[in-house]
Structure formats: structure tokens, C-alpha cells
Amino acid sequence: LRATLDKVQALASRDALTGLYNRRHMQDKLTDCVRRFERYGERFTTVLVDLDHFKRINDQHGHRVGDEALVAFAAAATLVLRESDTVGRWGGEEFLFVLPNTSPRKADIALQRLREALNRSQISTSVPELRVAFSGGIASHEPGTPLNRTLERADRALYQAKHEGRGRNVMAAMGQPQPE
């Protein structure tokens, strides 16, 4: 019974393709992070990541290769990020990272490590030259700010990264200075 319950729990909280946490789980994680922030002052940074030109991958190479790209991204993110970090599939080719006790500058460094790992990774055996690039929007949660505002800031930063040429990270402007 316990094993069945654990399996049901995993199915309810994981994305079937990538094995990453799903949006529902990530929303619960964010709510928990806000509680910890308010109670203990444990800061956290959110990162929204979108794979660049993902539709082109699907159109040129088919959905199977597109799925391989999503799985490869998930695997690289899981390897590069710390155990305390949480990454989930937010929707389609968009991912959300929740990085506790991390400044936006340190989040940017982690994303650069992920970008380097993806450049070295073979995404698909059928298209060995294929590489996956991404854009990222980084926003640190601020005191007294609703969670949806933090996510909106990360989303605007992601949009700015896309607008500035993709393959880059943008840190959202902060209302109040945060310690490094």
C-alpha cells in the first residue's frame, strides 16, 4: 500500500516526459518558500527559462527530437543545480527554477554553468549536431511582495532576454537592494 501511495504521489507531482516536478508541485514549493521567507528570512530566487527556437526543433526534426531536447535539458539542469534547488516543467518548453538562499548574481552563474553543460551535451543521437539554447529571467523574492509579482518580474526579465537576442539571462530590477 505504501509503495502504491508513493507511486501515486510521484505521478501527481512529476512531469511524465522529463521526470521533473510539474507546475502544481512547483506552485506548492513556491508557497512554502514564501512562508519560509516570511517566517525565517530565508530568501530565494526564481528563474523562468524558455528553450530558444524550440518550435524550430520540432518543425525541422520532429516531435520525438523535440522531446529528446526537453529530456536533455531536464537532465542537464538536474545535474548542474544543487540538491537544495528545485526545477520543474512550468509548461511546454518553459521551466521554473526555485533557488533557496541564492542571490540573482549566483543564479546567473548557475545558469551559465547549465548553458556550458548543454553546449557539451549530445541532445539526440539522430541529430548529433543539435544543441539546445535557452533564455532566462531571474527574480529574487522581495519582502512584502506577493508571489505572483515575483513571477511576473521573472517573466518580464525572460521576455527581455528573448527580445535582446536569446541565449542570455536577464536579472529583474529589484525594488529594494538584496545582500549578496
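Predicted model: local features only at pLDDT ≥ 70, side-chain atom pairs only at ≥ 80, totals over all residues.
Leaving aside neighbours within four places in sequence, I find L114 in contact with F73, A76, A77, V80, F97 and F134.

I then looked up the core around this residue. The largest nonpolar core has 32 residues, and F73, F97 and L114 touch the most other members. I listed the elements that each supply at least two residues of this core: β1, α3, α4, β3 (94–100), α5 (104–120) and β4 (134–140). The largest share comes from α4, with nine residues. I also noted a second, separate core of 18 residues, with L30, A157, L158 and A172 among them. As a general remark for the page, nonpolar side chains in soluble globular proteins tend to be buried together.

Next I went to α3, which spans residues 54–61. Which residues of this helix are buried? I find F54, I57 and N58. They lie on the same side of α3, because they cover an arc of only 95 degrees around the axis.

What covers the buried residues of α3? I noted that the cover includes β1 (44–51) and α4 (63–80).

Last, I looked at what comes after the helix. G62 follows α3, and its phi is positive, near 95 degrees.

Methods. Residues numbered from 1 in each chain as written. Heavy atoms only, no water. Buried < 20%, exposed > 50% of the residue type's maximum accessible area, 1.4 Å probe, protein only. Helix = DSSP H or I, 4+ residues; strand = E, 2+ residues; numbered from the N terminus. Arc of directions from axis to C-beta. Contact = heavy atoms within 4.5 Å. Core = buried A, V, L, I, M, F, W, Y, C linked by side-chain atoms within 4.5 Å.
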